[in-house]
Amino acid sequence: MANTLRLYLTCIRNTLEAAMCLQNFPCQEVERHNKPEVELKTSPELLLNPVLICRNEAEKCLIETSINSLRISLKVKQADELENILTKKFLRFLSMRAEAFQVLRRKPVQGYDISFLITNYHCEEMQKQKLIDFIVQFMEDIDKEISELKMSVNTRGRLVATEFLKQFI
Amino acid sequence: MASFERASPALKEILLRIYRAEKPIEVDHHLYEFGSVEYHIKSSASAPQLTYLSISTPLLTQGVLLSYGLSPYTTQMVREISTDVLEIVEPATEGYQLTLRLDFSKIPRGKDSLKVITEVSSVQSIILSSQLKEMLQSVNSWDASQGMYKPIKLVYHPREPFYVIRQPHKIVAVFPMRFKDYSDVIIATSFFQELMDVGSSEKWAKAPPCNWSPIPPAELRGEPLEDLSTNGGFVSFDISSRHVEGKRLDKTVWSLLNFYAYVKHHVKCTRGFIQRRMRRRLESLVEVLQNSSLEDDRHIRKFQENAGWQYMKKLVKLSSKSKILKRSCRDFTRKIMRIRFRIKIHGFGRFRRRWLTMLKFSSSKGYTKLE
């Protein structure tokens with residue numbers, strides 16, 4: 001299991017290293033405007049082919065690149081209903097605080113749980129390798145956090161159930 | 001509606017204020033709790049020792065008891081709160097089911113006064129629990145000739161009824177669970193599954209067996225659809241005679257009455273826990289990104305130094321006191337050994353450096369010079 005995760009993350013890392021070659025590119029349609037082309041998708045010549053990396057049916061990563069911006073969308077695995085609501089709550093919580101992350105998108109792309117938008121300005125302010133490390137680390141941390149949350153909720157439920165049944169004895 | 005605390009805090013405060021008043025005061029309070037429980041407290045300055053307390057509470061089974069008032073068992077349970085202090089006034093004040101005359105002069109002085117007033121303040125919970133006690137006490141006296149087991153609907157909150165079904169040698173309490181939010185349903189469902197797991201283990205064999213199902217149990221067939229439409233499933237407890245013997249009856253009744261409140265409280269606390277945990281995680285995730293900033297190497301170095309210093313600080317804090325003590329003892333013994341066993345030979349140091357050092361066979365120039 002750990003092997004497939006390693007391979008999945010390595011593949012994403014390599015793809016990001018290749019895709020994160022961004023440069024400043026003013027908007028071709030509106031003068032004095034500078035927009036992330038991957039969001040607008042108005043000029044096909046500025047867009048690269050999107051890459052979809054699937055670990056399995058439930059987990060996948062979509063990397064869309066353009067000349068001045070890069071969008072990474074993640075679908076996190078959700079084994080059951082509890083993981084489903086925990087993932088939704090946690091990722092929504094993070095998305096609502098997107099300004100703390102700078103590269104996080106407030107709303108995920110449809111069909112995915114969370115999305116990042118990296119522009120050339122981010123690449124100028126931050127180190128490219130560290131950005132990629134952050135994305136990969138983020139993916140690992142999310143999985144770990146969801147698992148820990150689920151375990152904590154079940155443990156709490158067990159303790160509360162024990163306390164309730166003690167009253168009958 | 002029953003809550004975790006048996007005594008009503010507001011009622012207790014008012015009664016204590018009247019009891020502790022230095023001079024007689026006029027009191028005419030109307031108190032509302034949980035939207036459906038009403039208290040009326042009346043005390044006049046002309047008769048300061050007497051206080052009248054009227055209670056109106058929705059009873060567990062509305063249909064039968066309203067026409068006859070409270071059952072004799074319930075009135076007996078209320079009288080037993082304190083036979084000296086409390087007297088039931090017949091008939092009750094208009095609009096109320098029960099009126100009590102409290103004689104504060106008969107309350108014992110000291111710490112017992114607080115105990116008595118607390119028990120008087122819990123009269124509403126006594127009325128509710130006595131009705132369920134009456135039903136549960138008849139576990140063993142079930143007459144097989146009575147035919148079909150018709151479920152008895154108990155309503156202590158308009159939106160949260162539960163059912164009690166009499167069966168041979170046991171009584172089944174069924175709770176239809178409803179929640180407003182879908183995430184509450186999931187959290188509660190995982191709790192019910194843990195409850196079933198814990199209840200089915202050997203250690204908890206004495207607790208009433210618990211069962212959860214997403215569909216209504218067979219015993220509830222024939223009940224109105226609006227009562228059986230739920231999103232949280234149905235939780236049922238099998239109460240046997242062992243659970244209603246002696247003092248256990250009171251605990252069992254109170255646990256059953258508080259089951260809804262217990263579940264809702266657990267769901268609320270779990271949501272709060274998830275929120276707190278997410279906030280903590282957010283801080284650690286953001287910290288990783290802050291490290292990737294290019295601004296200044298100085299800032300990075302400074303952060304790393306600070307991080308190193310903070311790491312050391314954490315390390316020092318984490319070392320237990322016993323380990324620190326051991327380390328310092330070890331250092332001290334080494335020092336003592338060095339002092340006691342050091343043999344000084346004059347000139348030996350020079351001799352060691354000249355004759356006892358290992359010769360270097362590799363040339364610093366990287367090649368061997370041929371003669």
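Me: How many residues does the contact take from chain A and from chain B?

Reply: This is a predicted model. The contact takes 41 residues from chain A and 45 residues from chain B. A residue counts here when its heavy atoms come within 4.5 Å of the other chain.

Me: What makes up the area that chain A and chain B bury between them?

Reply: The two chains bury about 4,400 Å². Carbon and sulfur atoms hold 72% of that area. A:Phe164, A:Leu165 and A:Phe168 supply 17% of what chain A buries against chain B, more than any other three residues.

Me: Which elements does chain A have, and in what order do they run?

Reply: Chain A has six helices and four strands. From the N terminus, the order is α-α-β-β-β-α-α-β-α-α.

Me: Why is chain A called more spread out than a compact globule?

Reply: Set the value against the rule. For 169 residues, the globule rule gives 15 Å. Chain A has a radius of gyration of 20 Å, well over that, so chain A is more spread out than a compact globule. The C-alpha atoms fill a box of roughly 75 × 35 × 25 Å along the principal axes.

Me: What share of chain A is called buried?

Reply: The cut-off is under 20% relative accessible area. Buried residues make up 48% of the 169 residues in chain A.

Me: How many side chains in chain A are positive, and how many negative?

Reply: There are 24 positive and 23 negative side chains. The centres of the two sets lie 5 Å apart.

Definitions and conventions
Residues are numbered from 1 along each chain as its sequence is written. Chains are lettered from A and ligands numbered from 1 in the order in which they are written. This is a predicted model: local features need pLDDT of at least 70, side-chain atom pairs count only at pLDDT 80 or more; totals for chains, interfaces and linings use all residues. Side-chain values use heavy atoms; hydrogens and water are left out. Helices (H or I, at least four residues) and strands (E, at least two) are DSSP runs, numbered from the N terminus. The radius of gyration is taken over C-alpha atoms; the globule rule is 2.2 Å times the number of residues to the power 0.38. Buried means under 20% relative accessible area, exposed over 50%, partly exposed in between (1.4 Å probe, protein chains only). Lys and Arg count as positive and Asp and Glu as negative; His and the chain ends are not counted. The place of a charge is taken as NZ of Lys, CZ of Arg, CG of Asp or CD of Glu. Buried area is the accessible area (1.4 Å probe) that two parts lose on being put together, summed over both.
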